[in-house]
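Q: Please give me a close look at one part of the structure shown below, together with its surroundings.
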Amino acid sequence: MSFPYPLVIFDLDGTLVDSAPDIAEAVNRTLTDWKLRTFDLAQITNWIGEGSRQLITYAMRAAGSDADIDAVMPGFLKHYGDTALDGQLYPGVADTLAALHGQGVRLAVCTNKPEQFVRPLLEARGVLGLFDGIVGGDTLPQRKPAPEPLRHLATQFGVEPGKSLMVGDSESDALAAHNAGVPLVLLRYGYRKQYDLDAAGAVAVLDTFPELLALR
């Protein structure tokens with residue numbers, strides 16, 4: 001039996017790619033530039049998922065700074081760019097994406113990471129060619145958890161939202177899917193913070209990425 005969804009939309013950080021160490025490095029370099037305290041990986045990982053501006057806002061405020069974030073962002077984005085290609089695919093991601101692509105499933109990415117960093121990272125990991133659509137956190141006026149990014153991708157491929165699938169790891173992904181009327185799969189290994197994945201109304205909550213292929 002073939003895969004039941006003609007379009008699968010994936011979150012990036014914490015779903016396809018383990019990028020937390022690289023993001024944390026960019027955050028801490030920025031804090032050091034501003035002569036502020038730095039934070040460990042666990043703390044910074046807890047701030048990931050709401051876009052780069054909110055991430056560095058959390059870090060700056062936690063470090064005791066009330067600096068204008070507009071003044072902080074250029075330096076942060078430079079450090080972000082310097083580390084953005086270091087993220088690694090989670091186990092089984094490349095083979096699973098290739099298997100879905102081979103079945104004729106259209107694949108897309110919907111992330112709150114700035115779009116300029118998304119394609120180079122996917123290309124560096126050798127999977128860019130498997131994706132037909134990418135929406136970053138600054139591609140549209142809205143970003144997750146708003147429904148517009150998912151609806152935009154569904155419209156792009158001529159697929160009804162209810163026949164698409166969102167695969168993610170966080171509350172932001174779950175809310176975006178529910179707001180857009182898109183079925184949801186969640187992954188336990190990502191950056192979920194304290195979010196209760198089992199209470200999110202997902203069609204499945206998976207321990208590993210390759211389990212996605214068993215959906216029917």
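In which sense do strand E4 (residues 106-110) and E5 pair, and over how many bridges?

A: E4 and E5 pair in the parallel sense, over three bridges. Two strands are said to pair if DSSP finds at least two bridges between them. The strands (E, at least two residues) and helices (H or I, at least four) are DSSP runs, numbered from the N terminus. Within this pair of strands, Ala-108 stands opposite Gly-133 in E5.

The model is a predicted one, in which local features need pLDDT of at least 70 and side-chain atom pairs count only at pLDDT 80 or more, while totals for chains, interfaces and linings use all residues. Residues are numbered from 1 along each chain as its sequence is written, and side-chain values use heavy atoms, leaving out hydrogens and water.

The two strands belong to an open sheet of six strands, with parallel pairing and the order E5-E4-E1-E6-E7-E8. E5 and strand E8 (204-206) lie at the edges with a single partner strand each, so one side of each has no neighbour in the sheet. From one strand to the next, the twist averages 20°. Helix H8 (residues 171-180) packs on this sheet, where it touches strand E6 (164-168) and strand E7 (184-187). The direction of H8 makes about 175° with that of E7; axes are lines fitted to C-alpha atoms, for helices over the stretch in contact, and angles run from 0 to 180 degrees between N-to-C directions.

The buried residues of H7 are Pro-149, Leu-150, Leu-153, Ala-154 and Phe-157. Seen down the helix axis, these buried residues fall within an arc of 135°, so they line one face of H7; the arc is that of the directions from the helix axis to the C-beta atoms. In an α-helix there are 3.6 residues a turn, so residues three or four places apart point the same way. Buried here means under 20% relative accessible area, exposed means over 50%, and partly exposed lies in between (1.4 Å probe, protein chains only). The buried residues of H7 pack against E4 and E5, and also against E1, E6 and H8. H7 is followed by Gly-158, whose phi is positive, near 65°.

A cis peptide bond, with omega about 15°, joins Lys-144 and Pro-145.

Asp-11 is found in the loop between strand E1 (7-10) and strand E2 (17-18). With 6% relative accessibility, Asp-11 counts as buried. Leaving aside neighbours within four places in sequence, its contacts (heavy atoms within 4.5 Å) include Cys-110, Lys-144, Gly-168 and Asp-173. UniProt, in an unreviewed entry, places the feature "active site" at Asp-11. UniProt positions are given in the numbering used here, feature names are shortened, and annotations may be inferred rather than shown by experiment.
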